Amino acid sequence: MAIKSDKSSWLAEYNAAGFITKITITGLKGDSAVYTYTYTPDHLLAREVFSLGGEVICTQYYGYENGVLMTRKSKYGNGNTATAWYSYNRNQQLTQITGINQFTGVESKTVFNYDQKGNIIGESYFYDSAEGVTCQINYKNYDDKRNPLLTLKGLADVKLWMSFYKLGSRNNPGQIECINYYDTDGDGLDDPNRDTDLRYTYMYNDGYPIRIKEVILAGRTNDPPKETLYSFIYE
């Protein structure tokens, strides 16, 4: 699969069994991010290496129980390490990721909520010692067509410069809003602020998107809307 826009391109490479071994993301200035993947004999993702401009930034190791992803251990180029733990509901949907940075001691938690069709409708981020949610991402107005990422084999997560796709969702969202919580009026209490509002329209072929128009609407600023067109190329 390849994804292209007027700003960037995303290209996947595969092994003989059809599992992704490499993803290259290239921008207009020629800078490239590269993700490489290795698997266990049972085709479970074992290691992911992220490089930027030829320099290794992060290596991640994945751990499983009965074939289900349970842990992710990250080692960064600066020597920092972090660990994340995965939790699921009885439908085997990812419901929570809990993490800790061993160098800073900072803890974080991400909670996922789904609709009845199996689409992620909310991500709630909790960071360090914050008493409540620090960021809420809402996914709305899903279509009834298939999420193209579900055709990819082997990945525990998908590295895209685009925000509108989640590996856990079955369909494609028409709107994404990001609400950050921080004090805006000086009363010492965090207030909800819709900093990002994204809208999507799709063109389909054989049940999958082949063209996507993304419009970024102004959040707290008065910037004019920004539009990006994406093209999907399936192999």
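Is D197 buried or exposed, and what is its relative accessible area? D197 is buried, at a relative accessible area of 2%. The legends below describe close-up views of a predicted model.

**View 1. R199 and D197 form a salt bridge.**
The two side chains meet at 3.0 Å, taken from N to O. D197 is the buried member of the pair, because its relative accessible area of 2% is under 20%. R199 is partly exposed, with a relative accessible area of 33%. Side chains of opposite charge can pair when their charged atoms come close.

**View 2. A salt bridge links E177 and K140.**
In this pair the distance from N to O is 3.1 Å. E177 belongs to strand β13 and K140 to strand β12 (residues 135-140), so the contact ties together parts that lie 37 residues apart in sequence. E177 is buried, with a relative accessible area of 8%. K140 is partly exposed, and its relative accessible area is 32%.

**View 3. D144 and K145 meet in a salt bridge.**
Their side chains are 3.0 Å apart, N to O. D144 counts as exposed, at 60% relative accessibility. K145 is partly exposed, with a relative accessible area of 26%. A search of the whole structure finds three salt bridges.

**View 4. Strands β6 and β7 form a hairpin.**
Strand β6 covers residues 55-65 and strand β7 covers residues 68-76. The two strands pair in the antiparallel sense, over eight bridges. Within this pairing, Y64 stands opposite L69 in β7. Two residues lie between the strands, and N66 in the turn has a positive phi of about 55°.

**View 5. Strands β7 and β8 form a hairpin.**
Strand β8 spans residues 81-88 and runs antiparallel to β7, with five bridges joining them. Two facing pairs can be picked out here. R72 stands opposite A84 in β8, and S74 has A82 in β8 as its bridge partner. Four residues separate the two strands, and G79 in the turn has a positive phi of about 100°. In a regular strand the side chains alternate between the two faces of the sheet.

**View 6. Strands β8 and β9 form a hairpin.**
Strand β9 runs over residues 94-101 and pairs with β8 in the antiparallel sense. Seven bridges make up this pairing.

**View 7. Negative charges gather in a patch on the surface.**
Which residues gather in this patch of negative charge? They are E131, D183, D185, D187 and D190. D190 lies in the loop between β13 (175-182) and β14 (191-205). At 52% relative accessibility, D190 counts as exposed, because the cut-off for that class is over 50%.

**View 8. K22 and A12 are 5.8 Å apart in space, C-alpha to C-alpha.**
Along the sequence, K22 and A12 are 10 residues apart. K22 is found in strand β3, which covers residues 20-27. The relative accessible area of K22 is 29%, and K22 is partly exposed.

Note on methods
Residues numbered from 1 in each chain as written. Predicted model: local features only at pLDDT ≥ 70, side-chain atom pairs only at ≥ 80, totals over all residues. Heavy atoms only, no water. Patch = residues over 30% accessible without salt bridge, like charges linked within 9 Å, V, L, I, M, F, W, Y side chains within 5 Å. Areas by Shrake-Rupley, 256 points an atom, 1.4 Å probe, with all protein chains shown as cover. Salt bridge = Lys/Arg side-chain N within 4 Å of Asp/Glu carboxyl O. Lys, Arg positive; Asp, Glu negative; His and termini not counted. Charge placed at Lys NZ, Arg CZ, Asp CG, Glu CD. Buried < 20%, exposed > 50% of the residue type's maximum accessible area, 1.4 Å probe, protein only. Pairing = 2+ DSSP bridges.
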